[in-house]
Amino acid sequence: MANKPGHRRFGNVRQRESGRWQARYPGPDGRLRPAPMTFSTKRDAEQWLTLAEARMIRGDWIDPQRSAVPLGAYAEKWIRERPSLRPRTVELYGWLFRKHLEPKLGAIKVGDLTTALIREWRSDLLAAGVSQSVAAKSYRLLRAILNTAVQEDGLIARNPCRVRGADREHAAERPVLTVAQVFQLADAMRYQRLRVMILVAAFATLRWGEVTALRRCDVAPDGSWIRVNFAHTEVVGRGIVVGPPKSRAGVRTIAVPTAIRGEIVKHLMAYVDSRPDALLFTGPQHGRALRRAHFNNLTKWVETVRKLGVPGLHFHDLRHTGNHFAAQTGASTKDLMARMGHDDMRAALIYQRATSEADQRIADRMSALVDGKEVRRDRPDDDDDGVAGVLVPAR
């Protein structure tokens, strides 16, 4: 028969028929609750009650019933209710959770997650061949979900994501093209209507979604500036979704280097419909938004960049290259970040009103950088026959 409960000022302990000790305590609502585990000794049970009382005094006590929700159900709700997430990000988070978090952690209650358990989960991922980059993304997602559980929902008192270094990625350095290579890549486009897209992505440092969403009304008639208001995002099952740029700072007006303004004007005249909302860059079927896979097929991207001498080059590396060009002008970090549309410059964008003049200086110096390179380009005038231009190395 079990012993009678011991008498204490806060809570009580009793020995079960199994020989282990149970601790029970009154919550702030006066309701008696058992500890989530039993203890091997009476002393351990009493020490647990002492700590539980201290948590209540500090205001750190969490109702165990609130933290009993499985991580999978909580994460699904968390992803669904993030109003600021872009469609592509929602898709990525859902995939990361289903693929790398749910199999091992999805059924575990939020309140039962521990640092040791999370460390073991990450170790298992890496042992199974998951890259460090994907493991870091998955860990950061879990940490963000549990931050909300702590700070907003009060399900747990402390985030157990405390594995040192688990959030870090060690991505390989991306390639940077020379000015000559940018023009050579532009000339190698099988369709002339896509040639200026390469130049704009590089010299205006635009993301894929930003450059493909550009309309006639977003470009100065003389090609002197480009305004980024929207971005395209490809979502499975929905196609191309038009939304805001990646960050609030992504809404910006960019001064275009003088050296490529004429190229933009010619493109507007030859390939863009007169309607203000006509897309700047489309495939052979005029007016249709470009999908990334369609672009890669049209341009034979993998083969083209290999011939150029930069195998593995991504379209985003054009923006990376343009950022390097801009940095070479000697512009300040603040002005560079404003041009690139990085979100951590939001405060500077609000309080600094002189960025347009600084941005013009960046564009002028980038133009001088282009003019300082001899790039000879031999190609047919019309590309719709699908014949690629000839790459001629700069002297």
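## Contacts along the chain

Of the contacts between residues at least 6 apart in sequence, 64% join residues at least 24 apart. The model behind this figure is predicted. The protein chain holds 395 residues, and buried residues make up 45% of them. Its secondary structure comes to 15 helices and seven strands.

## The three-stranded sheet

Strands β1, β2 and β3 form an open sheet, in that order. The pairing is antiparallel. β1 (12–15) and β3 (32–34) are the edge strands, each pairing on one side only. On average, neighbouring strands of the sheet are turned by 30° against each other, direction ignored.

β2 covers residues 21–26 and pairs with β3 over three bridges. Pro26 stands opposite Leu32 of β3. Helix α1, residues 42–58, lies across β1 and β2. Its direction is at about 20° to β2.

## Helix α2: one buried side

Helix α2 spans residues 71–80. Which of its residues are buried? They are Leu71, Gly72, Tyr74, Ala75, Trp78 and Ile79. These residues lie on the same side of α2, because they cover an arc of only 160° around the axis.

The face turned away from that buried side carries Glu76 and Arg80, both exposed. The cover over the buried residues of α2 includes α3 (87–105) and α5 (132–151).

## Helix α7 and its partners

Helix α7 (residues 195–203) packs against helix α6 (residues 179–187). Their axes come within 7 Å and cross at roughly 150°. Angles over 145 degrees count as roughly antiparallel, and α6 and α7 are therefore roughly antiparallel to each other. On the α6 side, the contact uses Val179, Val182, Phe183, Leu185, Ala186 and Asp187. On the α7 side, it uses Arg195, Ile198, Leu199, Ala202 and Phe203. By class, this contact has nine nonpolar, no polar and two charged residues.

α7 also packs with helix α12, residues 316–327. Here the axes are 6 Å apart and the angle is about 50°. That angle makes α7 oblique to α12. α7 contributes Ile198, Ala201, Ala202 and Phe203. α12 contributes Leu318, Arg319, Gly322 and Phe325. The residues of this contact divide into six nonpolar, one polar and one charged.

## Positive phi in two loops

Thr205 lies in the loop between α7 and α8 (208–212). Its phi is near 50°, a positive value in a residue other than glycine. Is Thr205 buried or exposed? At 0% relative accessibility, Thr205 counts as buried.

Lys300 sits in the loop between α10 (292–299) and α11 (301–308). Lys300 is not a glycine either, yet it has a positive phi of about 50°. The relative accessibility of Lys300 is 41%, so this residue counts as partly exposed.

## Two further buried residues

Thr282 belongs to the loop between α9 (258–271) and α10. With 4% relative accessibility, Thr282 counts as buried. What does Thr282 contact, leaving aside its neighbours within four places in sequence? Its partners are Arg193, Leu194, Gly287, Arg288 and Leu290.

Gly209 lies in helix α8. With a relative accessibility of 11%, Gly209 counts as buried. Gly209 and Ala231 are 22 residues apart in sequence. In space, their C-alpha atoms are 4.6 Å apart. Neighbours within four places in sequence aside, Gly209 is in contact with Phe230, Ala231 and His232.

Key
Residues numbered from 1 in each chain as written. Predicted model: local features only at pLDDT ≥ 70, side-chain atom pairs only at ≥ 80, totals over all residues. Heavy atoms only, no water. Axes fitted to C-alpha atoms, helices over the stretch in contact; angles between N-to-C directions. Helix = DSSP H or I, 4+ residues; strand = E, 2+ residues; numbered from the N terminus. Parallel < 35°, antiparallel > 145°, perpendicular 65-115°, else oblique. Contact = heavy atoms within 4.5 Å. Nonpolar A, V, L, I, M, F, W, Y, C, P; charged D, E, K, R; others polar. Pairing = 2+ DSSP bridges. Buried < 20%, exposed > 50% of the residue type's maximum accessible area, 1.4 Å probe, protein only. Arc of directions from axis to C-beta.
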